[in-house]
Amino acid sequence: MKYMLRDNQAGFVLKDGVFKKMITSGTCRFSKMRGYSVEIEEMSGEVDYMEVPYQILAKDPAFLASVLHVEIPDGFVGFIYINGKLTSFANRKEYTFWNVFDKYEVKTVSMAETEIGAEVSKQMLALVPKNLYTEISVGEGQTGLVYYDNVLQRQLAKGVYRFWNYARSVTYHIFDMRQQELDIVGQEILTKDKIGIRMNVSCMYKIRDAVEFAATVTELKRPLYSAVQLVIREIVGNYKLDEILELKEKISGEIYTALRVREKMFCVNFLTAGIKDIILPGEIREIMNSVLVAEKSAQANVISRREEVASTRSLLNTAKLMDENKTLFKLKELEYLERICEKVGEISVNGNMGIVEQLGKMIGTGQRAS
């Protein structure tokens, strides 16, 4: 039988099902009567004809020179390059590529070292299945702790870290080391004089040591919230309502001091703590408003009476001075005449008396008339 192979084809010659050799482009004849057959395949990509094991095919020098055979050992991953360009991740243990027209290369990387080294680029890692590695991203103000098989290995600063999951199981924790705010809103408290009030308290804190925190504390937010609640009730409950309103800053200082004593329990440092708002019941608020209005009214009356007394005293002093000094009296009289003239449109006088005497007489007449 006649076989014609193109330049990009190869033929596997078998006799009675046994591989004999590989032939390439050209024309050839093989007798089917004698048990020959030829399997033709294009020399591109992977070798499809693998009905015969590679070890047998590799005995033929023509085949061996035309292919790239790669076996990826346990504990390694492979990356496939075609003509120098990364194309895919090797997800099988064995590959055989035609290496005639396209040049294939498989780069292998060991996973024996748990932390992924610089030889694995970001482009390569993007092709790796997610279950084969762990990526840890530590942000600004954060600290990371990485564990191999639940044993702490080291503390991670800001950055991105990647670890193989082959030799060891990798886990991690990330902690925010920046200051954080804890608000206790609407905390109900019974004062010493049995008045129920609500209070808003704000605290600032930060984790002081990530390793100690991870070894000691399983959960922070809820236990810390409860601890602050208890401190508020314990301290504020010892004061009467008037004292709470008057000594707000002092009580805030006591709350902060009490929280500092409890820092070790939570592996944190309290930075600030203080009362933001005190919310009174409606009836208490109305009573206090009434008291405030009464106090302000009394203060206004005192000020008004004080001003009246001062005005009367000033008039008395002026009268005494004018009584003792006739010139001063005349000057004061002229001052009043000047003020009156400013408000009068027209005044008629004659030549029998002086202007001042006539004006004075007019005023005197007006005063008697009134």
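1. Strands here are DSSP runs of E with at least two residues, helices are runs of H or I with at least four residues, and both are numbered from the N terminus. Two strands count as paired if DSSP finds at least two bridges between them. Within this pairing, F76 has S110 of β10 as its bridge partner.

2. A word on the source, before going further: this is a predicted model, in which local features need pLDDT of at least 70 and side-chain atom pairs count only at pLDDT 80 or more, while totals for chains, interfaces and linings use all residues. Residues are numbered from 1 along each chain as its sequence is written, and side-chain values use heavy atoms, with hydrogens and water left out.

3. On its other pairing, β7 meets β8 in the antiparallel sense over five bridges, and I80 has S88 as its bridge partner in β8. The two strands form a hairpin with two residues between them, and N83 in the turn has a positive phi of about 55 degrees. Together the three strands make an open, antiparallel sheet in the order β8-β7-β10. Its edge strands are β8 (85-90) and β10 (104-110), each pairing on one side only. The twist averages 30 degrees from one strand to the next; angles run from 0 to 180 degrees between N-to-C directions, with axes fitted as lines to C-alpha atoms, for helices over the stretch in contact.

4. Do look at the other open sheet too: three strands in the order β16-β17-β18, again with antiparallel pairing. Here the edge strands are β16 and β18, each of which pairs on one side only. The twist averages 20 degrees from one strand to the next. Ten bridges hold the antiparallel pairing of β17 and β18, and I207 stands opposite V268 in β18.

5. Which helix packs on this sheet, touching β16, β17 and β18? That is α5, whose direction makes about 45 degrees with that of β16. Contact here means heavy atoms within 4.5 Å. Another helix, α7, lies across β17 and β18 and runs at about 150 degrees to β18.

6. Several residues of α5 are buried, namely L224, A227, V228, Q229, V231, I232, I235 and V236. Buried means under 20% relative accessible area, exposed over 50%, and partly exposed in between, with a 1.4 Å probe and protein chains only. An α-helix has 3.6 residues a turn, so residues three or four places apart point the same way. The buried residues of α5 pack against β16 (180-190), β17 (196-207), α6 (241-246), α7 (248-261), α8 (263-266) and β18 (268-279).

7. The largest nonpolar core has 39 residues, and M199, I232 and I255 have the most contacts inside it. A nonpolar core is a set of buried Ala, Val, Leu, Ile, Met, Phe, Trp, Tyr and Cys residues joined through side-chain atoms within 4.5 Å. Among the elements giving two or more residues to this core are β12 (142-148) and α4 (210-216). The most comes from α5, with seven residues. Not counting residues up to four places away in sequence, I232 touches I184, Q187, I189, M199, V201, G237 and I255. Apart from this core lies another, of 15 residues, among them A10, M43, Y49 and F63.

8. Leaving out residues up to four places away in sequence, T191 touches I197, G237, Y239, L241 and I244.

9. Lastly, the structure holds twelve aromatic pairs. Rings of Phe, Tyr and Trp (its six-membered ring) pair if their centres lie within 6.5 Å; planes under 30 degrees apart count as stacked, over 60 as edge-to-face and the rest as tilted. One of the pairs is F12 with F19, tilted, at 6.3 Å centre to centre and 55 degrees between the planes. F12 counts as buried at 0% relative accessibility, and F19 at 11%. Y54 and F63 also form a tilted pair, with 6.1 Å centre to centre and 55 degrees between the planes, and both are buried. Ring pairs link F12, F19, Y54, F63 and W98 into a cluster.
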